[in-house]
Amino acid sequence: MKPGPRRSISQADIVDAAFEILEEKGFAAVSVRAVAAALGLTPTALYTYFPSKGALQAAMIEQLLAGVAEAESGAEPAWRERIHAIAAALRGRIAGHAGSIALLTSGPLDGERSKDVAEALIAAFAEAGLGADAAALAGHAVRAQVIGAAALDAAAAAAPEEAPAPQTLWKEPSRHPRLEASAQLGLDTGEADEASRRWTLDRLIDGLVSTA
């Protein structure tokens with residue numbers, strides 16, 4: 001007779017195991033079979049919790065975004081700072097989980113936690129004076145900006161180090177003088193500071209609410 005399981009397994013255990021695989025081996029390694037093996041289960045047993053890989057990924061996204069919509073700041077004006085707080089919380093979750101960009105772009109963000117984030121942003125823009133449609137579009141723009149910027153940061157962090165340029169007796173004129181002059185901002189290395197991120201988001205917000 002085979003021994004029974006050492007302990008009961010919960011959905012949270014499964015999602016935690018999936019995140020461990022995501023962060024150690026990358027998005028492509030996350031599968032029902034891999035998670036089952038990590039937990040000492042058969043894939044069939046895991047399917048009783050999550051009927052597909054897509055369902056497992058959706059649960060991971062829900063965990064990743066849990067609490068983001070509730071991020072708050074006590075500063076005024078409240079609606080603008082609420083947007084900044086949500087954006088900062090979302091950036092923090094993405095930065096804290098290697099592979100989360102691939103996870104967030106693996107399918108539609110239509111889970112309850114994803115909808116909570118969208119709803120909170122729409123509410124903030126509605127408080128700023130935008131109509132229903134404009135507030136929805138503005139909220140979507142903020143989510144796209146934060147996730148897109150995080151994707152660029154992740155790409156920059158993953159880039160291999162460039163080999164030093166060979167020494168020559170003369171220096172060719174730069175093809176990208178403006179880009180090189182802005183290198184201290186860290187935009188292309190994923191090292192932009194919070195002030196730069198806030199400036200960028202503030203300019204986006206200003207444009208979005210200018211027609212309110």
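Which residues line the largest cavity? They are Leu65, Leu90, Leu104, Leu109, Ser114, Val117, Arg143 and Ile147. The elements that give two or more residues to this lining are helix H7 (112-127) and helix H8 (132-158), where helices are DSSP runs of H or I with at least four residues, numbered from the N terminus.

This is a predicted model, in which local features need pLDDT of at least 70, side-chain atom pairs count only at pLDDT 80 or more, and totals for chains, interfaces and linings use all residues. Residues are numbered from 1 along each chain as its sequence is written, and side-chain values use heavy atoms, without hydrogens and water.

A cavity is a set of points on a 1 Å grid over the protein atoms alone where a 1.4 Å probe fits but cannot get out, and lining residues have an atom within 4 Å of a point. Two cavities of 30 Å³ or more are counted.

Helix H5 (78-95), H7 and H8 each give two or more residues to it.

The axes of H7 and H8, lines fitted to C-alpha atoms over the stretch in contact, come within 8 Å and cross at roughly 125°.

Conventions. On a 1 Å grid over the protein atoms alone, a cavity is a set of points where a 1.4 Å probe fits but cannot get out, and a pocket is an open set with protein on both sides within 12 Å along at least five of seven lines; lining residues have an atom within 4 Å of a point. Grid points are joined across faces, edges and corners, and a volume is the space filled by probe spheres set on the points. Axes are lines fitted to C-alpha atoms, for helices over the stretch in contact, and angles run from 0 to 180 degrees between N-to-C directions.
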